[in-house]
Amino acid sequence: MALSAIVIGAGALGAATAYHLTRRGAEVVLVDQHAPGSQTSPRAAGLSQKAASTETMARLMIEATEALASFEQDTGRSIDFHRSGSLKAAYTEDGEARMLADLERLRGLGVQVELVSSAEAERLAPWFKPGEARAIGYVPSDGYLEPSTLPIGFMQRAVELGARAMPFTRVTDVLQQDGRAVGVATNRGELRADIVVDAAGAWTAPIAARAGIRIPLQPVLHQLYVTEPIADVEPLQPVVRLLEASVYVRPEKGGLLFGGYEDAPRPVDPGTLPSNFQIATLELDLGVLRSLTDEVAAHFPVLDNAPLAVHRGGLPTMTPDGLPILGLMPSLDGFYVASGCNVGGLSLSPAAGRALADLIVDGTSDPDLGPLSVERFRDGYADPAELQAACLDRYARRYVK
Ligand SMILES: Cc1cc2nc3c(=O)[nH]c(=O)nc-3n(C[C@H](O)[C@H](O)[C@H](O)COP(=O)(O)OP(=O)(O)OC[C@H]3O[C@@H](n4cnc5c(N)ncnc54)[C@H](O)[C@@H]3O)c2cc1C
């Protein structure tokens with residue numbers, strides 16, 4: 001008999017997991033309290049980079065970026081993926097050492113990486129003035145996508161393959177029997193299955209708490225803006241990241257998309273949000289982005305007083321070590337988590353969903369998801385204040401942590 005699964009959350013991580021579980025022959029129900037793909041995922045910047053701080057993550061991000069590039073071919077749906085490449089500029093010795101280590105890791109995994117001069121970087125992205133960078137890394141196979149299309153694309157393809165989508169269905173409890181998760185209670189009645197996946201984004205921890213499970217996560221406000229069109233911005237110009245300033249810029253609809261990681265981020269406790277809360281109503285703070293823009297004005301002079309077309313933000317979930325939480329919850333058989341996106345879950349989702357589905361169906365995955373198990377936090381972060389401080393520290397100036 002086919003394995004049955006309930007996936008809570010039709011954002012990028014949940015929809016990707018539902019798609020891959022369905023491909024592996026599972027009977028999947030994908031439940032979301034709101035419209036699918038309507039919360040944090042569609043508000044992302046859509047950047048996808050292969051570089052990562054651990055080998056497990058680098059392998060997943062290489063797979064994920066290539067899966068995004070072939071998404072249309074694989075699922076029949078466009079996600080507007082642009083193989084633009086990405087530039088990363090380091091201005092301090094520490095930043096340079098970190099970037100070179102990440103590039104070396106990628107090179108060891110067979111990815112083409114280069115170091116380019118300031119002049120070459122500016123030729124590739126004419127709106128970027130690198131100045132006195134110590135080193136500029138270039139990964140030509142990185143890219144970006146239109147974020148709103150990805151969860152919907154995964155969900156629609158999963159449904160075509162036999163999954164059932166249940167939008168506007170709020171999970172209110174996790175059903176347990178003999179130490180196993182056996183389903184969920186919802187505002188539309190109970191659903192039973194062999195396994196449950198908690199991929200509820202900012203709400204992951206409160207749902208797990210219903211099952212008596214503590215997941216060390218902290219949702220944090222993260223924002224970006226998009227300018228009106230600017231002369232000479234082209235879609236295939238590379239994504240640019242400044243490491244020490246922790247900002248990113250990429251082309252978007254003829255303008256530039258700008259986002260970054262401030263020193264004093266705003267944590268949000270999902271337990272304090274009203275039950276009908278939607279990310280669309282989140283209070284934003286353009287001042288944060290204006291300050292970051294001022295800091296890097298010499299590198300992106302075209303952003304000075306550029307009229308804005310879009311300002312958006314969402315609630316990515318941070319973990320104390322900056323790595324996602326993917327895998328089985330050891331204290332409850334049949335209960336899996338896909339969360340702790342650390343502002344990278346959209347682009348990670350194709351590989352995270354594939355690896356988690358393999359783990360669920362086969363009991364093992366390649367790469368081994370052990371390093372991303374919640375087990376690594378078993379003895380720590382029981383104090384909410386300590387957890388919050390560690391997660392906010394991970395967020396602040398994220399590119400140099
Ligand atoms: C401004 C910004 C820029 C970003 N840039 C990037 C980027 O460049 N690259 C990248 O990879 N990532 C980026 N991210 C991060 C990315 O958006 C997240 O990692 C990703 O969206 C996480 O997906 P998710 O599925 O966990 O969450 P979500 O998309 O929020 O999905 C969770 C879903 O769970 C549902 N849910 C919650 N509780 C319940 C319940 N009780 N019952 C039923 N359903 C429930 C919600 O309604 C929601 O639809 C960015 C984020 C922001 C805000």
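At 17% relative accessibility, Glu-146 counts as buried, a label given to residues under 20% relative accessible area, with exposed meaning over 50% and partly exposed in between, for a 1.4 Å probe and protein chains only. This is a predicted model, in which local features need pLDDT of at least 70 and side-chain atom pairs count only at pLDDT 80 or more, while totals for chains, interfaces and linings use all residues. Residues are numbered from 1 along each chain as its sequence is written, and side-chain values use heavy atoms, with hydrogens and water left out.

Glu-146 sits in the loop between strand E7 (143–144) and helix H6 (149–160); helices (H or I, at least four residues) and strands (E, at least two) are DSSP runs numbered from the N terminus. Setting aside residues up to four places away in sequence, Glu-146 touches Ile-79, Asp-80, Glu-252 and Lys-253, where contact means heavy atoms within 4.5 Å.

The side chains of Arg-250 and Glu-252 are joined by a polar contact of 2.8 Å. Such a contact is a pair of N or O atoms within 3.5 Å; within protein, one must be able to donate a hydrogen and the other to accept it, and residues adjacent in sequence count only if both atoms are side-chain atoms. Arg-250 belongs to strand E16 (residues 247–252) and, at 0% relative accessibility, counts as buried. The side chain of Arg-250 also reaches the backbone oxygen of Ala-45 at 2.6 Å. Beyond four places in sequence, the residues that Arg-250 touches include Leu-47, Trp-127, Tyr-144, Leu-145 and Pro-147. Val-233 is 17 residues from Arg-250 in sequence, and their C-alpha atoms are 9.2 Å apart.

Leu-47 leads in turn to the ligand. Of the 37 residues around the ligand, Asp-32, Ser-41, Leu-47, Gly-345 and Ser-347 come nearest, a residue being near when one of its heavy atoms lies within 4 Å. An oxygen atom of the ligand lies 2.8 Å from a polar backbone atom of Leu-47, and a ligand nitrogen atom is 2.9 Å from a polar backbone atom of Val-171. In the case of Ser-347, an N or O atom of the side chain is 2.6 Å from an oxygen atom of the ligand. Taken alone, the ligand exposes 1000 Å², and the protein buries 98% of that; these areas come from the Shrake-Rupley method with a 1.4 Å probe, and for residues only the protein chains shown count as cover. Helix H1, strand E14 (222–227) and helix H9 (345–362) are the elements that give two or more residues to the shell around the ligand. The shell residues divide into 18 nonpolar, 16 polar and three charged. In this grouping Ala, Val, Leu, Ile, Met, Phe, Trp, Tyr, Cys and Pro count as nonpolar, Asp, Glu, Lys and Arg as charged, and the others, Gly among them, as polar.

Helix H1 deserves a look of its own. At 1.5 Å a residue, the 12 residues of H1 (residues 12–23) should span 16 Å, and the end C-alpha atoms are 16 Å apart, which agrees; the expected span is 1.5 Å times one less than the number of residues. H1 is mostly covered, with 11 of its 12 residues buried, among them Leu-13, Tyr-19 and His-20. Just after H1, Gly-25 takes a positive phi of about 95°.

Helix H2 (residues 55–69) can be read in a similar way. Its 15 residues should span 21 Å at 1.5 Å a residue, and its end C-alpha atoms are 21 Å apart, which agrees. The buried residues of H2 include Met-57, Leu-60, Ile-62 and Leu-68. Strand E3 (47–48), helix H3 (71–75), helix H4 (93–108), H6 and H9 are among the elements that cover the buried residues of H2.

Some backbone details complete the picture. Phe-168 has a positive phi of about 55° although it is not a glycine; Phe-168 lies in the loop between strand E8 (164–166) and strand E9 (171–177) and, at 53% relative accessibility, counts as exposed. Asp-178, another residue that is not a glycine, has a positive phi of about 50°. Asp-178 is found in the loop between E9 and strand E10 (180–186), and at 79% relative accessibility it counts as exposed. Finally, the peptide bond from Asp-366 to Pro-367 is cis, with omega near 0°, and Pro-367 lies in the loop between H9 and helix H10 (384–395).
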